[in-house]
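My notes follow in the order in which I looked.

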Amino acid sequence: MGIMTEKEITCTMCGYKYKPSGLHSCQSCPINHDCSLICCPNCGFQSVDIEKTKFTKFISSLWGTKIRENKKNEERL
Amino acid sequence: MHCHATTQTTFLNSEGSIALVGHPNVGKSVIFQQLTGQHATVSNYPGTTVEVIRGVSRALSRTVVVDTPGVITLPPVSEDEMVTAQVLLKEPLKAIVQVGDAKNLRRTLLLTVQLAELERPLVLALNMEDEAIQRGVSVNYALLAEHLTLPVIPTTAIRGQGIDKLTEAIISLSHPHFRMNYPADIEGFLAEFSTRTTKTPISPRSLGLAWLSGDSSVNTWLLENVSSDIFQQLISLKDDLQLKNIEQLSSIIQRVRLEVVETITRLTMVQGKTASNTFTHKLSQLTTHPLWGLLILAFVLYGIYWFVGVFGAGILVDFLEEDFFDGILNPWITGLVEGTIPIPLISDFLVGEYGLWTMGMTYALALILPIVTVFFLAFGVLEDSGYLPRLAALSNRFFRMLGLNGKAVLPMVLGLGCVTMATLTARILESKRERLVVTLLLALAIPCSAQLGVVLGLLAGISFGATLIWSGVVFLVLLVVGWLAAKLIPGERSPFMVELPPLRLPVLSNVVIKTLARLEWYLKEVVPLFLIGTAVMFILDRVGILGGIIQAGEPLVVGWLGLPAETSAVFIMGFLRRDFGAAGLFLMASQGMLTPLQLVVAMVTITLFIPCIASVFVIAKERSKRTAAAIVMVIFPLALLVGGILNRVLLLLGWGS
């Protein structure tokens, strides 16, 4: 049985991993439908839910890069 | 061997499962997989949407292992934490395994001492030992085990290191006899509590402590398991205890635990220096230092002022607004519209004084877009460098003066990104009082990134002194209102505990992608609001109400604030979004209609104005409609009051008139 199916986001501030669909606060936000910025439920830090963007996703795919994961940050220290 | 066989038998004879408990992202799931193999069942915990993973461990004589959701704080606040608390409180458990981060011993131990108080068999697996060593963290595990009176096993679960020893330690079913001494009156209460409660799922002492700390699940357990007489007795004992203490009981308990954790950490951990972290470590310490931290903050602010104000609002806006829009695009579009649409009403609606293109789109694209673009870039650099949590730690000293501390600081700093989202983030605060005070302060004095960009851009056109006056006044209002609100709204304060991520060089791709995402949001959310606002202004103008409003607002706007009468129209725009109003001021200033003094007064007033419509909706939804109405009723007159006072003070000082 698969444990995780939805892609997790790693907060670049605190390293907390979470699923965007589980964010109750975003579901309450009146501008949620147009907003691709999500808040970490641990520290509140904003990240980009790249799946919810169109233009940014397109540019990102051209660039061939992704939002860095926390592990990568630590490696660079 | 004989001893091992005995413990194995005891383990086999005991009933229940093994619960893996720990902070988020400490490697619980990896340890779970190491103990149980690949097979796991995932199901929602009864009555919740939170997933709990269970698996069977062969190494532990086919005992069920439960991987609980990560806990950030106990008593629980989030639904995830509630589930973990329920597992600890209600499920039959053979033993608890706390998985902790060896790099972050303080945070780990704060949970350990609470789990040890449950008086159930407990093992501490200090995971990510390899990373701790890399960072120069050295833990004396034997001494730590001695202080905590429980097995402490260093593990690097991802490589399977330490798992065998962990399994042995679990089988030993070692009961900790660790005890913290609380103040005498709390100890007295705990003794009374223990005599009145029987068949408690965890030790009566820890149940009593959890209840004093405000754990609602204990309240439910008491209601279900003790008679109403005893419950009333316990309530009155608790109330008496609180009356004897000025400080909240939960804060006293937490303080004792923090002191114990600090002592144990100091005795058992040594933070060495490695070549890679010496510089960043030093810089990191300086950013939160009371003096150096402020100097670094001043340097950061000056950098933003220069980049956003001088470069963004000066060079970029000059080019886009004056040269391109006013010089080329707008005359061409106006000519085209007027030439093709013969009806003046419609052409005015598109390209007139309050035209959708000449006002709405020009404000959005030529004035604000370049400013917010450079501000989003600057903000992205700060975010990606890990500076913002350090700003939160530094600000904590000032916010503590307001009676605010702990996680309350984070939404305030994050409000600089988006006030609407920060208002939602206020949910992470534990006390109702903090949620309310933070919501008020966010609505009043925290400009969001778009507003901040426009304000900084506009003020940069005058001088750095104007920026300092604006920021000084807004910060002062924040302090005074926050202090007053904290005094007037009763409630408890939660302690400050933030994990600082490493300070690092920002990655260009991250900053650019985040800036693009923010700009996409800006164009989708803000531009339509600008167009709606422009349409409202057009209608008000056409039906003759706008003139009436400007006239009616004269005593306040001209008499009290000392601004030109036309500024009333800008304030109406500010009702929709503060940056829309600020853009109007920008244009008035560029047309020479405002003196530096008037501009600073107008900027302070509009910054303190009611937040954007989305924020008001969120406040109504999160707190209540009454709270939202009350906040607006406080903010609106307060913004005008502060603006008027500033006008008089600056006039007296002879500044910028």
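I looked up the largest cavity and found about 250 Å³ of space in it. The model is a predicted one. I then checked how many cavities reach 30 Å³ or more, and the structure holds five.

I listed the lining of the largest cavity next: 19 residues, of which Leu74(B), Leu118(B), Ile202(B), Ala210(B) and Asp215(B) are the closest to the centre. I asked which elements give two or more residues to this lining. They are three helices of chain B: H3 (79-90), H9 (204-212) and H10 (216-225). H9(B) supplies the largest share, with four residues. Sorted by class, I have twelve nonpolar, four polar and three charged residues around the largest cavity.

**Then the helix pair**

I moved to helix H25 (residues 567-576) and helix H26 (residues 578-590), both of chain B. For a packed pair I note the angle between the axes and the distance between them. Here the angle is about 155° and the axes are 6 Å apart.

Which residues of H25(B) and H26(B) meet? From H25(B) I noted Thr567(B), Val570(B), Met573(B) and Gly574(B). On the H26(B) side they meet Arg578(B), Phe580(B), Gly581(B), Gly584(B), Leu585(B) and Met588(B). By class, I recorded five nonpolar, four polar and one charged residues in this contact.

Key: Residues are numbered from 1 along each chain as its sequence is written. Chains are lettered from A and ligands numbered from 1 in the order in which they are written. This is a predicted model: local features need pLDDT of at least 70, side-chain atom pairs count only at pLDDT 80 or more; totals for chains, interfaces and linings use all residues. Side-chain values use heavy atoms; hydrogens and water are left out. Axes are lines fitted to C-alpha atoms, for helices over the stretch in contact, and angles run from 0 to 180 degrees between N-to-C directions. Contact means heavy atoms within 4.5 Å. Ala, Val, Leu, Ile, Met, Phe, Trp, Tyr, Cys and Pro count as nonpolar, Asp, Glu, Lys and Arg as charged, and the others, Gly among them, as polar. On a 1 Å grid over the protein atoms alone, a cavity is a set of points where a 1.4 Å probe fits but cannot get out, and a pocket is an open set with protein on both sides within 12 Å along at least five of seven lines; lining residues have an atom within 4 Å of a point. Grid points are joined across faces, edges and corners, and a volume is the space filled by probe spheres set on the points.
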